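These are my notes on how pairs of helices pack against each other. Two packed helices are described by the angle between their axes and the distance between the axes, so I looked up both for each pair.

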Amino acid sequence: MQSNQMIKTTKERAEDLSLLEPRISINRKCQDQSFAAWLQTKLNVSSGETVLDLACGDGEQSIFFDQRIGAHGYLRCVDIHEPSVNKLKAIIARYNRDFVVADMMNFSEYIKEEENFSLIHSSFALPYALNPLEVINTLANHVQKPLGRLAISLPCNPHEMVNFVNSIHDIPETVIPAINLGESLCIKAFRDKFYEVDVAYFHSNLIFDNSNDFMAIYKNSTYYDIDSEQTVLDKVTSTLRAVGKLSFRKCAILITGKHKF
Ligand SMILES: C[S@@+](CC[C@H](N)C(=O)[O-])C[C@H]1O[C@@H](n2cnc3c(N)ncnc32)[C@H](O)[C@@H]1O
């Protein structure tokens, strides 16, 4: 069971763009495969679709949805972090696009009872929800029949950078459950709601040839420990000196439900 303190800390870190932005940009620089490109082929979005992008951030996927669905499609972008939503709005605002600042648990603030979408998508955000199962169950009820889909991506094992850091110091108790969430809870929840459930795994490597990039991700992560920072840096530096680069597998799971019961 998570303590209130842990929930608050995780939520605060999720909302902190100053932590998220460097993490995302160094991830993009050091990752040998593009998650966004992979996801886009998997989601198979068509012109004219109605899309809800939940916890959209500043729009890594929303911008793609906007282009793919075109002027006749409808897109609603939701995130708890107002500056991210405003940043995205400045890029893609037009007729048939809505932007909502809301906690994903406050369903009535961003989805009406009778509304259905042909695609409901959320990437790398479900672990931040107070009740991820309730989010899945509620969103599933707003997927169009018969061909609408709910697609959720999450980090998953192996996450070797976390393992590496965990070999140096303890990491917060919320980190491992967040990495296991897809396989431990979400797949079953999807199978309870949909006739068809696809599970796809994305594998990539984070490759570091300098300690600055590693430390930039580490220091902005949810498992950063200020007291261990120097020890982590020493280990990274000595490994880089010995072998030239550090490579960590970093993976994601995409769960897609179709044909709602
Ligand atoms: C790792 S980012 C992912 C953003 C985007 N989906 C992407 O893949 O680039 C997680 C996002 O979840 C949002 N978030 C965290 N907790 C939330 C909550 N309770 N309700 C809605 N959004 C939340 C954060 O503000 C952040 O934009």
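I began with helix 4 (residues 62–69) and helix 5 (residues 82–92), and I found that their axes come within 11 Å of each other and cross at roughly 25°. I keep in mind that this is a predicted model. Angles under 35 degrees count as roughly parallel, and helix 4 and helix 5 are therefore roughly parallel to each other. I then looked up the handedness, and the crossing of helix 4 and helix 5 is right-handed.

Which residues of the two helices meet here? I noted Ser-62, Ile-63 and Asp-66 on the side of helix 4, and Leu-88, Ile-91 and Ile-92 on the side of helix 5. Sorted by class, this contact of helix 4 with helix 5 has 4 nonpolar, 1 polar and 1 charged residues.

My next entry is on helix 6 (residues 132–140) and helix 8 (residues 175–191), which pack at an angle of about 30° with their axes 10 Å apart. Helix 6 and helix 8 are therefore roughly parallel to each other, and helix 6 passes helix 8 in a right-handed crossing.

For this contact I wrote down Pro-132, Leu-133, Ile-136 and Asn-137 from helix 6, together with Leu-181, Leu-185, Cys-186, Ala-189 and Phe-190 from helix 8.

Methods. Residues are numbered from 1 along each chain as its sequence is written. This is a predicted model: local features need pLDDT of at least 70, side-chain atom pairs count only at pLDDT 80 or more; totals for chains, interfaces and linings use all residues. Axes are lines fitted to C-alpha atoms, for helices over the stretch in contact, and angles run from 0 to 180 degrees between N-to-C directions. Helices (H or I, at least four residues) and strands (E, at least two) are DSSP runs, numbered from the N terminus. Angles under 35 degrees count as roughly parallel, over 145 as roughly antiparallel, 65 to 115 as roughly perpendicular and the rest as oblique. A crossing is left-handed if the near helix is turned anticlockwise from the far one by less than a right angle, and right-handed if clockwise. Two residues are in contact if their C-beta atoms, placed from the backbone, lie within 7 Å. Ala, Val, Leu, Ile, Met, Phe, Trp, Tyr, Cys and Pro count as nonpolar, Asp, Glu, Lys and Arg as charged, and the others, Gly among them, as polar.
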